[in-house]
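Hello,

I am passing a structure on to you, and I hope you enjoy looking through it. Please open it first, and then read my notes alongside.

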Amino acid sequence: MKRIAFFILSIALFSACNDRETDLNKDIAVQVSVQEITSRSIEKFISTTGTVNPIKTVSIKSTVAGKYHLQINPTTGRQFALGDFVKEGTNVIVLEDKEYENNIKIKALELRLEISQQVSEKQLSLYEKGGVTLSEVKNAEIDLINAKYSYEDAIFRLAKLKVKAPFSGTITNLIYHTDNTRIEASSDLLDIMDYSKLHMEINLAEKNMTSVKKGQQVNIINYTIPGDTLIGVLAQLSPAIDSETRSFKAVININNSKLLLRPGMFAKGEIVVARADTTIVIPKDVILNKQKGNTVFVVNKGLAEERVIEFGLENPKEVQVISGLKKKDRLVVKGFETLRNRSKIKVIK
């Protein structure tokens, strides 16, 4: 009988301890971090990638032969070099060929033009007084026109000795030639590139054809510019689908005025196909997918309150909530994984 009584007493004590432990566990608050919900904007976008290239680029060759003279960059005070910025119309290289210049006879042609101008004016004056015929006036005009053409052609031919920048840009390639040595016509000289505006060719999946339109904003991201996003525009769209890849081509124009991106870089593009402003937006990683639907937890009088939410726009990181939450709700963003509805919680930083 004593053994039975001892056994019953032991069971009672064990049960009492378990009950006390259970009650204690009920009082333990789960530590969580919260974020007050405010209104902001969200963008739905289609992600793509590509290589950026300059819209303006040129490779310059010599059009005539002559002695090579690399010019002084007025900004640096030294000869032009790789990476130098050059303004449109600046002489970068000058070729010297006295025989070529003499054969053009620019001075004689300039004088001929001046004389032709004077003769034409004189003949017109005499015609008004009846001193010459209309035919003589027209012949003088023809001589003047021919003199102008000859002079302008000579200027054009002389200009071939001066290699000018056709637009403002950066020297990206400069072929080495020893100064004052003769180079032949069609010799490679330099490359100039303006990459303040870039373009990026991309391929988009067939399913996106109805979503994208010319003029849509594109956010351009690259690892070399962390925290900064460039703005591009969807400028061109091909109407044809590639039968093998089931994709179509598009071109994005990018404003790179600060020269943050370099030609040839690989970049990520986010084509904005929809946007909502002044709306509730939450991170996707705080949403639990349950049988009842997509749920989150908010803080209500020190307890966790489970809410079923409905989505609007979404992107890989965020989602618009169109029902289930309201402004100033305190959303649980950390520690929600083990919560149940009406769990006791403790808010920490």
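Below is what I found, taken one region at a time. Please keep in mind that this is a predicted model.

Which residues of α3 are buried? They are Leu109, Leu113, Ser116, Ser120 and Gln123. An α-helix has 3.6 residues a turn, so residues three or four places apart point the same way. The cover over the buried residues of α3 includes α2 (98-104) and α4 (134-159). After α3 comes glycine 130, with a positive phi near 85°.

Next, have a look at the open sheet of 4 strands, where the order is β8-β7-β3-β10 and the pairing is antiparallel. β8 (162-164) and β10 (182-183) are at its edges; each has a single partner strand, so one side of each has no neighbour in the sheet. For β10, strand β3 (residues 66-70) runs antiparallel to it, and 2 bridges join them. Lysine 67 has arginine 182 in β10 as its bridge partner.

Finally, find glutamate 270 in strand β15, which runs over residues 266-283. Is glutamate 270 buried or exposed? Its relative accessible area is 11%, which is under the 20% cut-off, so glutamate 270 counts as buried. Leaving aside residues up to four places away in sequence, glutamate 270 touches Phe45, Ile46, Ser47, Gln217, Val218, Asn219 and Ile221.

Technical notes. Residues are numbered from 1 along each chain as its sequence is written. This is a predicted model: local features need pLDDT of at least 70, side-chain atom pairs count only at pLDDT 80 or more; totals for chains, interfaces and linings use all residues. Side-chain values use heavy atoms; hydrogens and water are left out. Buried means under 20% relative accessible area, exposed over 50%, partly exposed in between (1.4 Å probe, protein chains only). Contact means heavy atoms within 4.5 Å. Two strands pair if DSSP finds at least two bridges between them.
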